[in-house]
Amino acid sequence: RPIQDLVYCLFYYSVSVWAMFSSTSSLDEAGDMLKNSWVLHNFALPACAVLPLWWKFLQTVRQAKDSGQHWPHLGNAFKYLTAALVIFYAMAHPEGRRGKVWIASFLGAVVYQIWWDVWMDWELLEFVPLGSSSLQPMPSEVTRLCNCLTISSIPGSSCQNIVRPFISVLRRVSTFVASNKISLRSKRLYARDAFYWRVLAYNVCFRFIWMLSFIPAYHFSKSGTEVPTLSIDFRTYVGAFISVAELIRRCLWCVIKLELETIKVTDTEREYEPLMSGVDGMAKKHLNLNTMDEKFGDKQHPMHFMVSALQFESQALMLKGGISPTSGMPTGGQGQTKQSRCTFSDNFLRRAFIVELIVWVAAFVGLSVLCVIR
């Protein structure tokens, strides 16, 4: 929405200045020209809505390529993909043609965005296991349903095979819910818990505004007829409310996100000190660091830490691979893994992953075009 407002102001001042120095037009006519501008309402403002979503989508795809991991980058890309499809359909179709499918898609995208904010971007909530003494019993409705849906009570072996996974999942979910509770994350910087719950409630109530802010008020059809796409934006004060509410929501979002990143950086610095002390202790068992001290001087010399770090890293890799650092023999247990019958080279897997990312980009473009022309 801020980008659309800036572009609109740019067009407004450009047309106004042109009308002031033009002998054929006046300032009164400049307002009508701006209102009926096909370039502004069918190209400039929709482009302001499309480009940020496209850039963020490509950013998440690039992060997946650089890290070589699907999660969480492609999950974030799916958030922008679903939001873009809902927005593109609303931009290209009048309000009267949006049926129940579009409303359901809008609500589903909002729910996914709320879940992503709370659990992925903020990591605000977590499941805390209950103690054995405070273990809550399984809800009576779920217990009754699990007792009724037994495998033996379902006729037919094929039906039993179909229903068995669902009953197993239902029992696992009910057991997990009964033995855990949802709570705020243990590490927080703000003292009052009410602050987090208020921010969470505000984000849940006004998360839908983010997608509405991308939809222009109207556009023009091929015949030049005005087609309203978000009529409440310019007929009432809802447009101003949307901008202010979204600005407040984004500020609160940044506050919680910055808090989480601060906690992560602080924890990393705290874990670094015992790690270095552990590296120094392990290295002294296998290296004669006294000789190094005589050769390089004080233990604070960079070579001292370099050799210690290499020794610690080699031992960690040997333990991870199931090899004893002292004897060089396999340690057994989790270190021994079974060889896969079908193996692929790293180059093949990397290229396959790149092809998958290209499919994601093609899906974004293809589905967006389909939403616009349908």
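The model is predicted.

Start with helix α4, residues 73-92. Its 20 residues reach 29 Å from the first C-alpha to the last, close to the 28 Å expected at 1.5 Å a residue. Of those 20 residues, 18 are buried, so α4 is largely enclosed by the rest of the structure.

Phe-78 lies in this helix. Phe-78 is partly exposed, at 36% relative accessible area; buried would need a value under 20%. Its ring pairs edge-to-face with Tyr-112, with centres 5.4 Å apart and 85° between the planes. Tyr-112 belongs to helix α5, residues 100-121, so this pair ties together parts that are 34 residues apart in sequence. Across the whole structure, a search finds 19 aromatic pairs.

Trp-71 brings in the backbone. A cis peptide bond joins Trp-71 to Pro-72, with omega at about 10°. Pro-72 sits in the loop between α3 (38-67) and α4.

Now look at the loop between α5 and β1 (125-129), where Glu-123 is found. Glu-123 is not a glycine, yet its phi is positive, at about 50°. Its relative accessibility is 33%, so Glu-123 counts as partly exposed.

Two arginines lie over tryptophan rings. The charged end of Arg-98 sits over Trp-102, 5.1 Å from the ring centre. Arg-250 lies over the face of Trp-253, also with 5.1 Å to the ring centre.

Methods: Residues numbered from 1 in each chain as written. Predicted model: local features only at pLDDT ≥ 70, side-chain atom pairs only at ≥ 80, totals over all residues. Heavy atoms only, no water. Phe/Tyr/Trp six-rings, centres within 6.5 Å; stacked < 30°, edge-to-face > 60°. Helix = DSSP H or I, 4+ residues; strand = E, 2+ residues; numbered from the N terminus. Buried < 20%, exposed > 50% of the residue type's maximum accessible area, 1.4 Å probe, protein only. Lys NZ or Arg CZ within 6 Å of the ring centre and 35° of its normal. Expected span 1.5 Å × (residues − 1).
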